[in-house]
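Hello,

Here is the structure you asked to look at. My notes on it follow below.

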Amino acid sequence: MPGFRPARTDSSPDFETFAAARWPGLLRTAYLLTGDHHEAEDLVQVTLAKLYPAWPRVRGLDEPDAYVRRALVNNNLSRFRKRRVVQLLTSRLPERAQEGGAARTEERSLLLEALGTLPPRQRAVVVLRYWEDLSEQQTAEVLGCSPGNVKSQASRGLRKLRDHPALAEFQPRPGREEPADERL
């Protein structure tokens, strides 16, 4: 609702500060989970809206960031359980690509295309492990599963990304060794 602001409590300033400071990172994570800027913004807004009433309890946790990440992932997973609206695709791009960044934009879109083919749980594991740089244990805590499950989901997800046809040109060629950090 435009202009709607919840009644202020003594925890509001802390929540507003927390939300403003974490917004960019949550938005990046949400974008990697959803593959769409608009859906990512909606996901972060829904997560923060659900978090607001529980903020007095959440801010007292040892790691409120982990709680918020878990809420973000859970809200994204529940998004798949609901019926999704079909998006209208057009032949025109809404804005022009910046010069010099076309190659990176293409690489990013290919990676997002491949990431979008992963099941939601595998995608969450890959994003949390390799984008958010969480440990296996931290990822397991966020997702509410065992570290072994995180390992197997990450392994399967990375294998699917490596085998995705859109990313074939980024795979090392036989006889040419590349540093490990440049591989998928």
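Let me begin with Arg 162, which is partly exposed, with a relative accessible area of 38%. Please keep in mind that this is a predicted model. Arg 162 sits in helix H8. In sequence, 48 residues separate Arg 162 from Ala 114, and in space their C-alpha atoms are 9.1 Å apart.

Arg 162 also belongs to a positive surface patch, together with Arg 156, Arg 159 and Lys 160. Lys 160 is found in helix H8, which covers residues 147-163. The relative accessible area of Lys 160 is 40%, so this residue counts as partly exposed. A residue needs over 30% relative accessible area to join a patch, and Lys 160 passes that cut-off with its 40%.

Now the overall layout. The protein has eight helices and zero strands. Read from the N terminus, the order of elements is therefore α-α-α-α-α-α-α-α. Of the 184 residues in the protein, 34% are buried.

Which residues have the most contacts inside the largest nonpolar core? They are Leu 51, Val 73, Leu 115 and Leu 161, in a core of 42 residues. Two or more residues of this core come from each of the following elements: H1 (12-34), H2 (37-51), H3 (55-58), H4 (64-81), H5 (102-116), H6 (120-131), H7 (136-143) and H8. H1 gives the largest share, eight residues.

Next, the salt bridges. How many does a search of the whole structure find? The search finds three.

- Arg 59 and Asp 14: their side chains meet in a salt bridge, at 2.8 Å from N to O. This pair links distant parts of the chain, since Arg 59 lies in the loop between H3 and H4, Asp 14 lies in helix H1, and 45 residues separate them. Arg 59 is partly exposed at a relative accessible area of 37%, and Asp 14 is partly exposed at 40%.
- Arg 22 and Asp 65: the closest N and O atoms of this salt bridge are 2.8 Å apart. Arg 22 is in helix H1 and Asp 65 is in helix H4, 43 residues apart, and the pair links distant parts of the chain. Arg 22 has a relative accessible area of 31% and is partly exposed; Asp 65, with 28%, is partly exposed as well.
- Lys 151 and Glu 136: here the closest N and O atoms of the salt bridge are 4.0 Å apart. The pair links helix H8, where Lys 151 is found, to helix H7, where Glu 136 is found, across 15 residues of sequence. Lys 151 is partly exposed, with a relative accessible area of 46%. For Glu 136 the value is 29%, again partly exposed.

One backbone detail is left. Asp 133 has a phi near 60°, which is a positive value in a residue other than glycine. Where does Asp 133 lie? Its place is the loop between H6 and H7. Is Asp 133 buried or exposed? Its relative accessibility is 63%, so Asp 133 counts as exposed, because the cut-off for exposed is over 50%.

When you open the model, you could start with the positive patch of Arg 156, Arg 159, Lys 160 and Arg 162, and then turn to the core residues Leu 51, Val 73, Leu 115 and Leu 161.

Regards

Terms used:
Residues numbered from 1 in each chain as written. Predicted model: local features only at pLDDT ≥ 70, side-chain atom pairs only at ≥ 80, totals over all residues. Heavy atoms only, no water. Patch = residues over 30% accessible without salt bridge, like charges linked within 9 Å, V, L, I, M, F, W, Y side chains within 5 Å. Areas by Shrake-Rupley, 256 points an atom, 1.4 Å probe, with all protein chains shown as cover. Lys, Arg positive; Asp, Glu negative; His and termini not counted. Charge placed at Lys NZ, Arg CZ, Asp CG, Glu CD. Helix = DSSP H or I, 4+ residues; strand = E, 2+ residues; numbered from the N terminus. Buried < 20%, exposed > 50% of the residue type's maximum accessible area, 1.4 Å probe, protein only. Core = buried A, V, L, I, M, F, W, Y, C linked by side-chain atoms within 4.5 Å.
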